[in-house]
Amino acid sequence: MSDLSLENALAGSTSRRRIRAFDAVVLALLILALWQAIGSWTKGVVVSPPLQTLVYLFGLLRTWMFWDHAAATLQAFLLAFALSALIGLALGLIFGIRRFAGEVAEPILAGFYTIPKVTLYPVVLLVFGLGISAKVAFGVMHGLVPMTLFTLGAVRNLPPVLIRTAKVLRLSPGRTMLWVLVPACLPDIVNGLRISFSLSLLGVLIGEMFSSQRGLGFLLVSGMAQHNVPLSTAVVTMIVAVAIAANTLMLRVGGRAARRPNP
Amino acid sequence: MTRRRAVLCVRVAVLAALVILLELCCRTGIIDPLTVIAPSDMVASMVDLIGSGELNESIASTFSTIALAFVLAIGLGTLAGALIHRSPRLRDVSDPLLASYYSVPTFIFYPLLVALLGLGKPPLVVLGVLSAAPAVMISTLSGLDSVSSVLIKMARVHRLNRARTLWWIVLPAALPRLFTGFKLALSYALIGVIAGEFILSGTGLGYAISFAYQSFDNRAMYGVMLFVMLVAVTANGILYVWEGRLARRRSAR
Amino acid sequence: MSAPAVSEPSHVALNEVIRHYEGPPAIHALGPINLVIRGGEFFSIVGPSGCGKSTLLDVLSGLVRPTGGSVQFEGKELHGEVPDGIGVVFQEDSSMPWLSVRQNVGFGLRTSGLAKAEITERVDHAVSFMGLNQFADHYPAQLSGGMRQRVCIARTLVLRPRLILLDEPFGALDQQTRLLMGDELLRLWRETGATVLLITHALDEAAMLSDRVGVMSARPGRFIDMVETGWPRDRDSRIVSDPKFGALTARLWSSLREESLKTMGRAA
């Protein structure tokens, strides 16, 4: 047992990196092959094969129609994400600092999170009507709670000695929050942002799939309805690519925030 | 102990207050009954629907779909997680995938699944598994990681064979995190299946809500909605409490 | 280095034992070690950190195969498997958080094939021997570090091992608790008649508890001194007041000090 762990620690990291890169390429090729297989096996009725999709996508990116839809999604998403992030941050800080309120609220929030929020969509539509505010509401419905819970957890896990230090230094509550609390909780907050990002996007897209005439979600569903398979495949591919790219970026940023020496 | 009770009381009070507030707003007409109906009406509607047996088919359909997706997700997820854990190379490849998996809105694949598998249970089950299995994989990996090496050493000192080491040491040690995975699996499978039923399906509770909405039958819609919410909260709540009990025994009071 | 009394049979024998790690970089962690431990002896090993003490224990117990040389336990050579009759108490807490104290203690007897009544009797005896009666149905998370180590020792005790290996078992405890635990260990040793090998970084502990102390050099660990303490069998922690105790500790430190400096220099 002891020599295995020692060997792992001593193993050359360059060769490991090379193997990892190789495996990643193999995996990518496998995925493309699978995609191609499903595409050709179903004769393009379900998904269009990778190359065709790529070509179609590039064509799509040159149309005014596409950007109109993308802009609609982007607009709703950015609003939803911003609201989720800010409100979530604020609520999380409050519930984290006020322990009792936090203990009361946490299971309620967690419970709300387990409800299939799609089932509440009709209510949102009835309240907000069709349009962008409904979409933003969907996004916030999905993205708010995780942000709150992550922030709450971060504040709660703060080492008490930091607060004591702030008191000894006689910092005002505002300064304590800004100079001590938020920086100390930053890694978890960034994590919360990352999750909230994905979920707000999900909420907006599903909302568009359900009840909209504009947006990428709508484009996806209408593509299916018109049997325009390359369109739906292209939209899905694009969304997946954007989601993964954004997530990877946020992981990097978060990683840098986490690697700071711990306060 | 008393603090816990105090928290519980306040929580119940807050929820009750919200419900009462909603009830009052609806009854006094501040909220339009065409938008939201009063909670008491929601309950009445739900009781009617269940009592008359109208919902039975939908309930059976949804529950069986969720159960199937749940079981498959746990089975596949645990197996995959265990296999990945044994191979460092496989782990190196899978870690980034699993880390980004939940950033992709898997739901966008649902229409594709329907095109592939037709309308009905199969795409819903697949959607449920796609939503839930990675969470199980992640928590299986985390659980296996958490088995401290001194326990494995101890197993060797006691000369336990591989099967016994797995069953008596690894599994109990990893159980808390595994269980978290199961809890998430239920949550995600439930959400995935009902969302699928809602957007694009012919049966199930999700479809029932969608149908009621499109038929302008607010009363039925809210009745089913309430039922779905109660089911979700109860099922997850049970697992949550169970999880807490498991954890509490093992961590310092 | 290895001078067994002819009248006492050797219980454990290490012959030219060497242990290497392949790396990169390659590390010569231990040896060559030549050591004979007599049956019923209480033998301690002290040495600077990183000298290979824990590796020696791994080799002795059969958890790890030596790169060179041989290990014999009760006349039979070890081949990378832990033989029957050896108990190990690790440095880290190896109590199982999901079992109660009583269940933890009885764990090793699950595969023993003994009758339930006998198991219960042995467990009860071990639990009361280690002073855990009050906590028998508690869980490790509710106990202090010292009590958890007592649980681990009790678990080893029920197996009636003939050789007990302890790797810095009291390292995480405060000094006073350690002295008391040392007394417990001596009681255990006398009660079971087992051979005990204790690895410790605390010189006073080694000097007080053992019949013989081996001093290891810095890595690669080799024995540079063997000290016979000559204590009577029924001793306890009060022998610290014996003048011989000071002399023993001083001798151990004089042998060890240079090796420790070497290790520090290397670390710096």
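Predicted model: local features only at pLDDT ≥ 70, side-chain atom pairs only at ≥ 80, totals over all residues.
Trainee: At what angle do helix H7 and helix H8 of chain B pack, and are they roughly parallel or roughly antiparallel?
Mentor: Helix H7 (residues 149-157) and helix H8 (residues 162-199) of chain B have axes 11 Å apart and pack at an angle of about 165°. Angles over 145 degrees count as roughly antiparallel. H7(B) is therefore, relative to H8(B), roughly antiparallel.

Trainee: Is the crossing of H7(B) and H8(B) left-handed or right-handed, and how many nonpolar residues does the contact have?
Mentor: The crossing of these two helices, H7(B) and H8(B), is right-handed. On the H7(B) side, Leu151(B), Ile152(B) and Ala155(B) meet Thr165(B), Ile169(B) and Ala173(B) of H8(B). By class, the contact of H7(B) with H8(B) has no charged residues and 1 polar residue, and its nonpolar residues number 5.

Trainee: Which helix gives the most to the side of chain B that touches chain C?
Mentor: The contact takes 15 residues from chain C and 16 residues from chain B. On the chain B side, H7, H8 and helix H10 (218-250) each supply at least two residues. That side has 8 nonpolar, 2 polar and 6 charged residues by class. With 6 residues, the helix that gives the most to the side of chain B that touches chain C is H7(B).

Trainee: Which element supplies the largest share of the side of chain B that touches chain A?
Mentor: Here the contact takes 44 residues from chain B and 44 residues from chain A. Elements of chain B that give two or more residues to this side include helix H1 (2-27), helix H4 (88-101), helix H5 (110-117) and H9. The residues of the side of chain B that touches chain A divide into 32 nonpolar, 8 polar and 4 charged. The largest share of that side, 8 residues, comes from H10(B).

Trainee: How many of the 10 residues of helix H9 of chain B are buried?
Mentor: In H9(B), the buried residues include Leu205(B), Tyr207(B), Ile209(B) and Tyr213(B). What covers the buried residues of H9(B) includes helix H6 (121-128) of chain A, along with helix H3 (56-86), H8 and H10 of chain B. Helix H9 (residues 205-214) of chain B is largely enclosed by the rest of the structure, because its buried residues number 8 of the 10.

Trainee: Which residue just after H9(B) takes a positive phi?
Mentor: The place to look is just after H9(B). There a positive phi of about 60° is taken by Phe216(B).

Trainee: Which strands stand at the edges of the 6-strand sheet of chain C?
Mentor: The strand order is E6-E7-E8-E3-E9-E10 (chain C), an open sheet with mixed pairing. Its twist averages 15° from one strand to the next. Each edge strand has a single partner strand, so one side of each is left without a neighbour in the sheet; the two are strand E6 (86-89) and strand E10 (223-228) of chain C.

Trainee: What is the bridge partner of Arg212(C) in E10(C)?
Mentor: Strand E9 (residues 212-216) of chain C and E10(C) run antiparallel and are joined by 5 bridges. In E10(C), the bridge partner of Arg212(C) is Glu228(C).

Trainee: At what angle does helix H4 of chain C run to E6(C)?
Mentor: Helix H1 (residues 53-61) of chain C lies across strands including E3 (42-46) and E7 (163-167) of chain C, running at about 155° to E7(C). Helix H4 (residues 145-157) of chain C lies across E6 and E7 of chain C, and its angle to E6(C) is about 175°.

Trainee: Is Arg150(C) buried or exposed?
Mentor: Arg150(C) has its place in helix H4 of chain C. Arg150(C) touches Met130(C), Gly131(C) and Leu132(C), not counting residues up to four places away in sequence. Because 27 other C-beta atoms lie within 10 Å, Arg150(C) is buried.

Trainee: Which residue in E2(C) does Val17(C) stand opposite?
Mentor: An open sheet of 4 strands has the order E2-E1-E4-E5 (chain C), with antiparallel pairing. In it, 8 bridges join strand E1 (residues 10-21) of chain C to E2(C). In E2(C), the residue opposite Val17(C) is Ile33(C).

Methods
Residues numbered from 1 in each chain as written. Chains lettered and ligands numbered in written order. Axes fitted to C-alpha atoms, helices over the stretch in contact; angles between N-to-C directions. Parallel < 35°, antiparallel > 145°, perpendicular 65-115°, else oblique. Left-handed = near helix turned anticlockwise from the far one by under 90°. Contact = placed C-beta atoms within 7 Å. Nonpolar A, V, L, I, M, F, W, Y, C, P; charged D, E, K, R; others polar. Buried ≥ 20, exposed ≤ 12 C-beta atoms within 10 Å, placed from the backbone. Pairing = 2+ DSSP bridges.
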